[in-house]
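Visitor: I have a structure here that I'd like to go through with you. Can we start with some side chains and then move on to the helices?

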Amino acid sequence: MKKTTIIFFSLFCVSMTSFGGVSIEKGPDRVACFDIYELTFRLDEPYQGNPFTDVELKASFTPQDGPPAEVEGFCDDQEGRVFKIRFCPGRINTKYTFQARTNVTDQVFTGSFKTGKPRGMEPVIVHPQHPKHFIYAASRKPFYHLGITAYHLLDPSNDDKHIEAFLDYSAANGFNKARFLIAGYPRDSDTRSSDDYEYGVGNQWRLPNYGAPPGEVNPLPAWLGLPHQYDFTRFNVDYWRKVDRAVEAMRERGMIATCIITLEKQNLPKEYGTLTSNEKRLYQYAVARLAAYANVWWDLGNEHNEYRAVDWAPQMGALVKQWDPYDRLCSAHGHADWNYGDQQWADFIITQQYGSCQEVNQWALQYYDIPKPYINEEYGYEGTIDKPGHGMNVDWVRKCHWSIAAAGGYATYGDWSPGTPFYTGHIGQGKAPPYLKRLRNLFESLPYQEMSPHNELVNNGSLCLAKEKEIYLVYMPDGGETVARISPREDGYSIVWVNPRTGDKKAPIHVTDDRALLKAPDSNDWVVIIQG
């Protein structure tokens, strides 16, 4: 018999207060920790003016025995009659009181609610003791990052069912983060010739459907108006509600939603202007609307360093940190180099670098002394070419991802395999996702956050992570043989060979020597776990 779940909504969970043409709908008396408590303000008449620029809405939420959190609201109605404040409580079994104000009335709205235990995905934060890694905020369990790229997931050609199907596919394949765009154009203003193209694009540089079938990869309508003629003072509420639903769908599936607020290489950033009121309004509205979702991370701009001055990200990052009352993790995707060292606004490192196994490993090690997690967000999308880079085949995808992990870093996959429109949020034809799921499963079985890169302990191009005297992971990208120099233990070590293509393990071998000769079963890549 099919099990049916019936959810009853009680009107007694919500109270309404009205004053001077403004009514407030309060949230329920009890919410789960890390869920959203929402206040809705309704005006009797549409706001006379621009509700996105003129109306101010703020609330202060104070937990018992704790400091208040200041939260900004946002307009959620094209006519300017509905405004909302969203708050994510971060304390379990705690009473919160609030005071809310708006400049459309002198009334101060007050109320309270209590929190229960978390019932959904917790926020993911940087590990305080192991700052190269992530943990869940409440349970303190490790979070092994495995991302997937879906820039145009919110394309107007993708409805909610399409988005949910892609997220189901992603979660089933072990991906626990999706990176997607909030605002952007397709490459309709690219000036290169049709002879200068990336893998899979052909002569479509100057066409709006970049690497995709007709009707897909459209401008993302974050504002009212037409592309290149947007009204940057008025947001497209229907589109932002679609963003809400996608972020919530990711949380339901245990996935981080990396919100890339704007896209590189088009005229859009030039049109709204660097650090202008229009640009700041975009970022502030995104924070006000989305930060209360516990699974949100911020990416200030994809390949922003190709169209921004080096001081832009620190300035915008500081503003996002100022507006975000929850301190959600924040960074900025840059092509090639990370330019920000240990600056406070950036919680983790993002680079886009593709090369051989040794190269991607060394690029991650280049930033290892910076106490922030390292993510190579674009180490080459999957395709068919037998060399590393955009369009590389499944073997190179697997090898590069393993090589980044062997440096203590994390990575994000992208599917540009034949038949998969580039970055459109389609379920792809790529073969790598099952391999990457096995990678994640293996690293989650290890004390990964306590292991450090130790390539000096191996030779012949092999890579090594270790918690010395306890456990060593050796990755051999091209098979062959290597000598692992391990710290002596009286009871010795067990050696287990793992096939990264199938996940199969060979029977353990016991060794007592401090120099273990490792000969791969064949010329494919292999993983060796040496454990005391």
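Guide: A polar atom of the T115 side chain lies 2.6 Å from the backbone oxygen of R91. Keep in mind that this is a predicted model.

Visitor: Where is T115 found?

Guide: T115 is found in strand β10, which covers residues 109-116.

Visitor: Is T115 buried or exposed?

Guide: T115 is buried, because its relative accessibility is 0% and the cut-off for buried is under 20%.

Visitor: And what is T115 in contact with, leaving aside neighbours within four places in sequence?

Guide: The contacts of T115 are R30, V31, C33, P89, R91, I92, N93, T94 and Y96.

Visitor: Next, Y448. Where does that one lie?

Guide: Y448 lies in a loop, between α8 (433-444) and β26.

Visitor: A loop residue, then. Buried or exposed?

Guide: Y448 counts as buried, because its relative accessibility is 3%.

Visitor: Which backbone oxygen lies 3.0 Å from a polar atom of its side chain?

Guide: That is the backbone oxygen of G409. G409 is also among the residues in contact with Y448, and the others, beyond four places in sequence, are H133, Y144, A405, G408, Y410, F443 and L465.

Visitor: How far apart are Y448 and P142, in sequence and in space?

Guide: They are 306 residues apart in sequence, and their C-alpha atoms are 8.9 Å apart in space.

Visitor: Now N455. Which loop is it found in?

Guide: N455 is in the loop that runs between β26 (452-453) and β27 (463-467).

Visitor: Buried or exposed?

Guide: Buried: the relative accessible area of N455 is 18%, and the limit is under 20%.

Visitor: What does its side chain reach at 2.9 Å?

Guide: The N455 side chain reaches the backbone nitrogen of C464 at that distance. Not counting residues up to four places away in sequence, N455 touches C464 along with N361, Q362, L365, S462 and L463.

Visitor: Helices now. At what angle do α1 and α2 cross?

Guide: The axes of α1 (residues 160-172) and α2 cross at roughly 25° and come within 10 Å. That makes α1 roughly parallel to α2, because angles under 35 degrees count that way.

Visitor: Left-handed or right-handed?

Guide: The crossing of α1 and α2 is right-handed. On the α1 side the contact is made by D160, I163, E164 and L167, and on the α2 side by K242, R245, A246, A249 and M250. These residues divide into 5 nonpolar, 4 charged and no polar.

Visitor: What about α2 and α4? How do their axes cross?

Guide: The axes of α2 (residues 237-252) and α4 (residues 277-290) come within 11 Å, crossing at roughly 45°. The two helices are therefore oblique to each other, and this crossing is right-handed.

Visitor: Which residues meet there?

Guide: From α2 there are W240, R241, V243, D244 and V247, and from α4 there are L282, Y285, A286, R289 and L290. The breakdown for that contact is 7 nonpolar, 3 charged and no polar.

Key
Residues are numbered from 1 along each chain as its sequence is written. This is a predicted model: local features need pLDDT of at least 70, side-chain atom pairs count only at pLDDT 80 or more; totals for chains, interfaces and linings use all residues. Side-chain values use heavy atoms; hydrogens and water are left out. Helices (H or I, at least four residues) and strands (E, at least two) are DSSP runs, numbered from the N terminus. Buried means under 20% relative accessible area, exposed over 50%, partly exposed in between (1.4 Å probe, protein chains only). Contact means heavy atoms within 4.5 Å. A polar contact is a pair of N or O atoms within 3.5 Å; within protein, one must be able to donate a hydrogen and the other to accept it, and residues adjacent in sequence count only if both atoms are side-chain atoms. Axes are lines fitted to C-alpha atoms, for helices over the stretch in contact, and angles run from 0 to 180 degrees between N-to-C directions. Angles under 35 degrees count as roughly parallel, over 145 as roughly antiparallel, 65 to 115 as roughly perpendicular and the rest as oblique. A crossing is left-handed if the near helix is turned anticlockwise from the far one by less than a right angle, and right-handed if clockwise. Ala, Val, Leu, Ile, Met, Phe, Trp, Tyr, Cys and Pro count as nonpolar, Asp, Glu, Lys and Arg as charged, and the others, Gly among them, as polar.
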